[in-house]
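Subject: Structure handover

Hello,

Please find the structure below, with the sequence alongside. My notes on one part of the chain follow.

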Amino acid sequence: GSWVDLGQQSTSTLIQIVASLGRGIAVAGDVSGLGKIFRSVDFGATWSDLGQQASETRIYALQYLGSGIAVAGTYPHGKILRSIDEGATWGDLGQQALQEAIFSFADVGGGIALAGSWKESGVGGGHILRSTDTGSTWADLGRQYTQQGIFSLCNVGGGVCLAGTASDGLILRSTDSGANWTSLGQQFSQTRIYSLCLLGGGVIVAGTYPGGLILRSTDSGATWSNLGNLSGHSIIASITNMGGGFVLASTGVSSGNILYSHDNGLSWADLGNQYGQIVIRSVANIGGGVAIAGTQSGGLILRSSDSGPVFSPSASPSESPSTSPSASASPSASESPSASVSPSESPSTSPSASESPSASVSPSESPSTSPSASESPSASVSPSESPSTSPSASESPSASVSPSESPSTSPSA
């Protein structure tokens, strides 16, 4: 098997987020100024261009909430879009809490969903929003711990949720399904937690900037170990759970590589640069052993049918939407070994979460896309970090890289 290049999508140069909507349906969001959503109904083999959404220029986050309902987060007006037909059409719920960008989502289940915001410049980002009606309406929980952005969100289960932040690289933890949050502190001197991914059994992995670290927790996110920089890159933009112990992660800034683990994120192999891209912004499990990835600088969508060891580019979208998904692309996971970079899990010094909820801090401070149990969520990489920047398996969230990084305009590191 291999990763196949499906080609540039429309004229996009930056696919920020990819996500599964179940039944072989997948969606992807552009942040290169087009503000488009692309959609596939055949396990990512071919794509339709749904056009610019709500007059926005970037689609930073996409999340499936079940029963055909999906949400999308936009820039520059911080809108949430909602679909009730598996991503075929989208309604505009308007700007949320006066934010610039909705950067991340998580499905908590039972109609509860979370959204995280980001502000590209100045102060006032870093809000968490919460819905209790499957994304129809949203309550603003306020700015969290004076952060500029909530770059990743993850539903761990049992009421436990996690959030990864910029500009101080905090991990926040909630034990009441996202209603209240406690800070576990800055993680290993990092400034951004780009991705959070649930692997099951209380095991979660996180990806960071600027150290390009992979962090791992075995106690539902209460404490974290640092597995180190396993790729030589400064961002771990996105992580997705392929199931059966297989996990994929993507990198960026100097080179868009894909990393692969076969032991639940304990050790990792570097599969190398993919098609000359500088960042792999997002990677997602869309079922049947199929993974897709979105890139910067060519706006490519890549596809693997062997649980990720090899990716190839996908064909550019036809303008007419495809119909009924075909299950044809459902390959079996390859056993392709992961290189032994198995780091020692020295316990982190980050504080363990006290269960006491934290009041959202409100703002003015200088500046600095969980998944849910429904089909795999996607995390998103955040903004610009030098030439480039900024994390899903069905049941496990995928993180995604955030905003523009030099070719694009997303946030600067």
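In what follows, buried means a relative accessible area under 20%. The model is predicted, and every value below was computed from it.

Strand β24 covers residues 257-261, and five of its five residues are buried. N257, L259 and S261 point one way from the strand. I258 and Y260 point the other way, and these residues are buried too.

β24 has a strand paired with it on each of two counts, taken in turn here.

- Strand β23 (residues 246-252) pairs with β24 in the antiparallel sense, over four bridges. Within this pair, L248 stands opposite Y260 of β24. The two strands form a hairpin, with four residues between them. V253 lies in the turn and has a positive phi of about 95°.
- Strand β25 (residues 269-273) also runs antiparallel to β24 and is joined to it by three bridges. Here the bridge partner of Y260 is A269.

A separate point concerns S238, which is found in strand β22 (residues 235-243). Is S238 buried or exposed? S238 is buried, because its relative accessible area is 0%, and the cut-off for buried is under 20%. The side chain of S238 has a polar atom 3.0 Å from the backbone nitrogen of V283.

Regards

Definitions and conventions: Residues numbered from 1 in each chain as written. Predicted model: local features only at pLDDT ≥ 70, side-chain atom pairs only at ≥ 80, totals over all residues. Heavy atoms only, no water. Buried < 20%, exposed > 50% of the residue type's maximum accessible area, 1.4 Å probe, protein only. Polar contact = N/O pair within 3.5 Å; in protein donor to acceptor, adjacent residues only side chain to side chain. Pairing = 2+ DSSP bridges.
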